[in-house]
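Hello,

I am handing over the structure we talked about. Please have a look, and then read on for what turned up in it.

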Amino acid sequence: MHGVKQVRYSSEALAAKRERERAKLAEYQSLTAKVLAKKGESVWTPESFALTTKLLHVNPEFYTVWNYRRNILLNGLFPERPPAEINDLLSDDLSLTTAFLKQHPKVYWIWNHRQWCLQQVPDGPTEAEPHGWRQAYWNKELFVVERMLDADPRNFHAWNYRRYILKEMPVKRTAQSELTYTKRKIEANFSNFSAWHQRSKVLSSLWAAGKLDKIKSSEEEFDLVKNAMYTDPNDQSVWIYHRWLIGPGDDQAVVEREIASIQELLDEQPDSKWCMESLVFYKRLLLRRYGDHMPDERRQELGSECLELLAKLQEIDPDRRRRYDDLGAF
Amino acid sequence: MGPTLDIPLHVKYIQSLGENKDDLVYHLTAHLRMNAVYWGLVALCVMGHKDALDRDEMIEYVMSCWDDDVGAFGAHPDHDAHLLSTLCAIQILTIQDALERVDTARVAKYILSLQQPSGVFAGDSFGEVDTRFLCCAVLALSLIGHLHELDVEKTVGYIRRCRNFDGGFGAQEGAESHAAQVFVCVAALAVLDRLDELDEDMLGWWLAERQLPNGGLNGRPEKLEDVCYSFWVLSALSIMNKIPWINDEKLTQFILSAQDLEHGGIADRPGDQPDVFHTNFGVAGLSLLGYPGLEDLDPVYCMPASVIEAKGLRKGWKALPRRASA
């Protein structure tokens, strides 16, 4: 369990708590026994379906009961029903999971059941419009996931689910719209690494597909990052993203320019661990990639600059001094 | 000088876990029981008190969770089989030297049937995919001696596609790096002898940056410290022989300060409610950090090192040397 503060009960308070729970426990155990018995007998009726609803309300982490519920739908309720009714059943289950997710936003089993429901949506409403129902659900899913990410912008279940929806929706959203979404999340909070991460994935995919000019787009990203860096130089999200932008350092001029830019920031913030760490990384990158074509003097200069920075880093970030030590031994 | 590890207290805590049959939360977590037994057992082993829980009772409990429809283990009697509980069952039986009770060929078949075309594994027939399940599959197959039946290239290919630019790994392709997912991918690669897939410098950096000023480790940038990351992060570092890249003393103090020194057990952070999950990973972390008086832990399998060595499965990981005294 995470984030649950210790509560100290006196023996009287503990006895009272146990008493209150005794009735709940008896009910829960009786309901569980009933449901598992019916499951064991493969009872796939609306009554057993309702029992699973009741049990899941008490314990939405009971994965075996989610399994049973799905089997009831597949084997008992879906067969012999027209697509419109199947659609309604799925719609109800999606609403149920939305309600559960508000209380339990990080329970894998609930997210998984949502995904399963989406996969079961039949063709409809008509033969001419076989993806109509599906598209409506998928649009709604995006809306639900956006509400979840407003509540907790770092919820990886929600981000993973978002990526799933964007990939599987019958009529795809544009990658550009996802870029806009990530920018909105980043501007709301530069510290949202999940949004920076998503942005890096969307950009990579756009660049690979030739849909966006990589050079021009990278320049815009460097501007965005510079703004974030200057706003809060202590935020590691921004520095990790910057390291991605630099990548293998294909453009030496860009690497040199960024080094100069970070040096300027370091001049204003002389204890900035992230400036120093990044400068070491990028200078070493220059040496690795372009060292052979550099004048000796420049090569030596870069090397000694790194050692100087690493010595400073050992002082201001002593928890990680061994790493700085190891880096210095090149 | 902070607190020391109160082994007798934590042993009593673990022993007491199944005792109160009136505890509502105990029953509400039946879907995690197999995992809980495994966490309790490993913690006891690391603290040198393996026999604090009855071996025969434990084996019978594990076997009572066998799902004969499918050939694998659920979390509790009458609970459906799942890869998570199947791995825990195999781990428990291995530690208890009782693997002969299991039809391992059938289990291997179940596990392999869950591999998807992409190379990832589903957790069960309902198809949820996650690199956690890939790790469960690899570890379990290895422990039951069926690893040779796995399509290694296919499996490693999926892990590779989950690798992010920061050197870390996510739950699926495209997912953000997260320390627990880093552990599962690194452990799987270690078992498969494919650590060449790692950018060790980049990943070592990302992992080292999980340490916060209070000494605790978090799982992702800008998140809170949590004792369980003492294992996820630390084990990945030990597999890459980079534990020295963090401050071991501060982490040790952090874990020790998360103990409940009244009732026993370790929590996610100081002041919170303890549970067997964090007790296990706290003690596991301390073992890797060389805390005195503990048994060695294999970070790849999160099982006693002696058990893994006896099976010939030990890989080239490095923990900190065991100190003679706190």
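A residue is called buried under 20% relative accessible area, exposed over 50% and partly exposed in between (1.4 Å probe, protein chains only). By that rule Trp205(B) is buried, with a relative accessible area of 2%, and Trp274(A) is buried at 6%.

Two notes before the rest. This is a predicted model, in which local features need pLDDT of at least 70 and side-chain atom pairs count only at pLDDT 80 or more, while totals for chains, interfaces and linings use all residues. Residues are numbered from 1 along each chain as its sequence is written, chains are lettered from A and ligands numbered from 1 in the order in which they are written, and side-chain values use heavy atoms, with hydrogens and water left out.

The two tryptophans above form an aromatic pair: their ring centres are 6.3 Å apart and their planes at 75°, so the pair is edge-to-face. (Rings of Phe, Tyr and Trp, the last by its six-membered ring, pair if their centres lie within 6.5 Å; planes under 30 degrees apart are stacked, over 60 edge-to-face, the rest tilted.) Over all chains there are 21 aromatic pairs.

Now the contact between the chains (heavy atoms within 4.5 Å). Chain B gives 62 residues to it and chain A gives 56 residues. Ten salt bridges are counted between chain B and chain A, each a side-chain nitrogen of Lys or Arg within 4 Å of a carboxyl oxygen of Asp or Glu. One of them joins Asp22(B) to Arg22(A), with the closest N and O atoms 3.3 Å apart.

Best wishes
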